[in-house]
Amino acid sequence: FLFFDDCAGNEGLAFEVSHPDFQVDEEMNLVARRDVMDSGTVMFIHGVNEQADDMAQVDIVGAPPRSPQTLREILGLGQIQPYRSKRALFAPRMHVNENMEPPFPKVIGTVMSPGMENDHIFHMTGSGADQDPKGVFTINRVTGEVSVSQELDREAISSYTLEVSVTDLSGKLVEGPVALLVDVNDQNDNRPIFKETRYAGEVLEGSPTGTVVMTMTAEDADDPRLQNAVLRYNIVRQSPDKPSPNMFYINPESGNIVTVISPTLLDRETLPTTQYELEIVAQDMKGRDVGLTGTATATITITDKNDHAPEFTHSLFQANVDEGSTGVAVNLTVDDRDDPATGAWRAIYSIINGDPTQNFEIQTNPDNNEGMLSVVKPLDYESVVFHTLLIKVENEDPLVPDVGYGSSSTATVHITVLDVNEGPVFFPDPLQVTKMENIPLGSFVALLNATDPDVLQSQSIRFAVLRDPANWLSVNPVRGTVNTSANLDRESPYVHDNKYTAIFMATDNGNRPASGTGTLVIHLEDYNDNAPYVHPSVVRVCEDTKDSVVIVGGRDRDIHPNAGPFKIELGKQPGLEKTWKVSRVNNTHAQIMLLQSMKRANYQLPLVVTDSGLPPLSNSTEIKVQVCTCKKNRMDCSSAGSYTVSLVLLSLFCEYTVSSPAHPIL
């Protein structure tokens, strides 16, 4: 039987036995696992728990002789030999407290060897001995005492695994190596630390008692298996402390903060503030006074629910609006006790009666929650003078079930339309007419029609030209008749897509005269007043007649039927047809061919082009023909000669013969 007393009830006591044939049972008896025949053997028993750590040596003495039971045992037949264990090197698990104070070294335990001789010595290796961190532990080479040489920090290294062996003086291994475990015992040297210094949470007003608001969590670096790291939470301060200093409670173990105040008192609109600040303390050692503490702050916001309907500040709003104008007519104001800038406070306005033609629109001003009633379609004094609108206001978020919208959530708006002198209105606008270009000056073009919307007033109207880009038109100021003051030219740059646009103004004689504008669009029909011309005006041919062909086309500023088809032919000068030939290609183009070789030079070729108008117009013109040298698909015109002699001058020297069908030019 073993006796071990740690003066604390031996809680958590465990034993280690160095001899493999023995063990300590639950009643602290040392019992053999099998037959033991090695008398004189020394073994060690190591007892350890959180409060104590001790070791005892046990010598095994001789057992009483046994009498043979059977003939087989007498003869030694089939006898089972008892297990004999070798004397073993024993390194008990050792423990050392962190933060030990000097002096050092301090003995923490002993390694034992039953077969230790005078010429035997102990060795220790591993992290903490001859490996980093080096020199933390040392072993007495003769006695086997293990010592710690410095202060330890369990939070840095919680345990060390070393190896111990026995050698003779020559270094020959005698026993081992065996493992030596050294545990660093925790001391309560770390305060609880919250992950953040300030925490934020929120709870909806009217929430039931016991509603979880948030969770506070702190960490302790000490051994989590010991009370050194077992935390308890507590609220030490609430600010403000109204209506109760204990509106919230924190679960000591979980850190959950819950509401204690009744739902009725948790009313955001009646509380002195919407934010409460709690000072939370976390304490280790299960919250005992000896425990270390850490502190954090929790800010809890009481959030709003839509338990108040918006109400108009007045049941009747009034506004005056000028006819013909648009924009905001009146701002509607409401009161709402819910949290501003939330859906429970933000208002949505709607017109529920009095606007069949949708002349009005109402929007919410995001800055002050007012309803901006606007005129979006101009009002007409002559049609309706008074408008009565019924407006409703609601919140973006739905109201809570036990709250509804009352009569104060609707209001009446009276709009009075003020008479304004309105400008005359043209009809139709635009006015469109069709005229032939080049009609005589002073010709009638159109009659302008403008009426004054102010039918309740007797006012006259006068007309004037406001915009006439080409200065082609004039208007009678009283009758509104428009006549030409210049030729209408369809080919003018002021005409686009055969249309000429002018703007006229009509002004009444009101107290404050008002004016209106109207547009006149003249569609111009084409007259054959532009002769056609040939394009291009410069062509090139080869001096070799077999390659001397070019294509030219007719063009006309007029349009169909006063343009193409075009007839292109040689001029009337004698002798041209012997050197040049013009033949039709299609309705708009003709082919010019050189009939005989000519000296490389630049020539002016007379042509006549005629359009298809009724009557047709012809144009006698000339094109420049460059006669060039052509070789291997290349045309060389750079060295073409120039002549200053014209066909007319040649006829003075050659009375009957023309030496050149087309006269050269510089």
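The model is predicted: local features need pLDDT of at least 70, side-chain atom pairs count only at pLDDT 80 or more, and totals for chains, interfaces and linings use all residues. Residues are numbered from 1 along each chain as its sequence is written, and side-chain values use heavy atoms, without hydrogens and water.

Mean pLDDT (the predictor's confidence in each residue, from 0 to 100) is 87 for the protein. A value of 70 or more is reached by 89% of the residues.

The whole structure holds two disulfides (cysteine sulfur pairs within 2.5 Å).

| Disulfide | S to S |
|---|---|
| Cysteine 542 to cysteine 630 | 1.8 Å |
| Cysteine 628 to cysteine 637 | 1.7 Å |

In sequence order of the bonded cysteines, the pairing is 1-3, 2-4. The S-S torsion of cysteine 542 and cysteine 630 is about -90°, so this disulfide is left-handed. The link of cysteine 628 and cysteine 637 is right-handed, with 105° about the S-S bond. Relative accessible area sorts residues into buried (under 20%), exposed (over 50%) and partly exposed (in between), using a 1.4 Å probe and protein chains only. Cysteine 542 is buried at 6%. Cysteine 630 is partly exposed at 26%. Cysteine 628 is buried at 0%, and cysteine 637 is buried at 14%.
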